[in-house]
Amino acid sequence: MANKITEREIYNSILNGTVDQAVLCDFAEKKLAQLDKRNASAQRRAAAKRAEGNAITEEIFGILSTERMTREQVAQAYGSELSVAKVGSRLNQLVEAGRVQKETIKVANAEGRMVNKVAYFVAE
């Protein structure tokens with residue numbers, strides 16, 4: 001059985017200048033394999049998260065119609081799962097994709113004063 005060399009010993013031998021080239025190559029191959037494995041797993045997680053986000057975006061698109069709705073109204077219609085900011089982000093993605101349009105409208109706030117809000121709608 002081969003004598004195991006720890007990472008600490010490898011790093012110390014690099015610092016001392018007494019590194020064995022074969023040990024260093026084996027160590028580098030091991031570390032590269034670990035990096036490849038970690039990157040592959042991160043890509044799988046990112047793809048799953050993107051797919052979940054795309055599903056939410058499609059659900060939000062399903063809520064919209066030709067009637068103008070603010071992001072607060074869309075969030076309320078969607079449910080309490082997402083915050084208003086996250087719903088707004090999905091709406092902006094839909095606008096950038098050209099599937100939804102937006103315009104500024106005047107709406108009464110809680111005090112009864114008219115304020116400008118951005119409304120989203122599906123073009124006819």
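**Figure 1. Contact of helix 3 with helix 4 in the predicted model.** In this predicted model, R71, E72, V74 and A75 of helix 3 meet V84, A85, V87, G88 and L91 of helix 4. Sorted by class, the residues of this contact comprise six nonpolar, one polar and two charged. Helix 3 spans residues 71-78 and helix 4 spans residues 84-96; the two pack at an angle of about 105 degrees, and their axes are 9 Å apart. Helix 3 is therefore roughly perpendicular to helix 4.

**Figure 2. Contact of helix 2 with helix 3.** Two packed helices are described by the angle between their axes and by the distance between the axes. For helix 2 and helix 3, the angle is about 105 degrees and the axes lie 10 Å apart. Helix 2 is therefore roughly perpendicular to helix 3. On the side of helix 2, the contact is made by I56, E59, I60 and I63, and on the side of helix 3 by V74, A77 and Y78. Six of these contact residues are nonpolar, none is polar and one is charged.

**Figure 3. Crossing of helix 1 and helix 2.** The axes of helix 1 and helix 2 come within 11 Å and cross at roughly 125 degrees. Helix 1 is therefore oblique to helix 2. The crossing in which helix 1 passes helix 2 is left-handed. From helix 1, the residues E7, I10, Y11 and I14 meet V23, L24, F27, K30 and K31 from helix 2. The classes represented in this contact are six nonpolar, no polar and three charged residues.

**Figure 4. The largest pocket.** Rolling a probe the size of a water molecule over the atoms shows where empty space is left. The largest pocket holds about 240 Å³ of space. It is lined by 11 residues, of which K4, I5, I10, V23 and D26 are the closest to its centre. By class, the lining contains five nonpolar, two polar and four charged residues. Helix 1 (7-16) and helix 2 (21-63) each supply at least two residues of this lining. The largest share, four residues, comes from helix 2.

Figure 5. I10 and V23 are among the residues closest to the centre of the largest pocket. Both also belong to the contact of helix 1 with helix 2, I10 in helix 1 and V23 in helix 2.

Definitions and conventions. Residues numbered from 1 in each chain as written. Predicted model: local features only at pLDDT ≥ 70, side-chain atom pairs only at ≥ 80, totals over all residues. Heavy atoms only, no water. 1 Å grid on protein atoms, 1.4 Å probe; cavity = no way out; pocket = protein on both sides within 12 Å on 5 of 7 lines; lining within 4 Å. Points joined across faces, edges and corners; volume = space filled by probe spheres on them. Nonpolar A, V, L, I, M, F, W, Y, C, P; charged D, E, K, R; others polar. Axes fitted to C-alpha atoms, helices over the stretch in contact; angles between N-to-C directions. Parallel < 35°, antiparallel > 145°, perpendicular 65-115°, else oblique. Left-handed = near helix turned anticlockwise from the far one by under 90°. Contact = heavy atoms within 4.5 Å.
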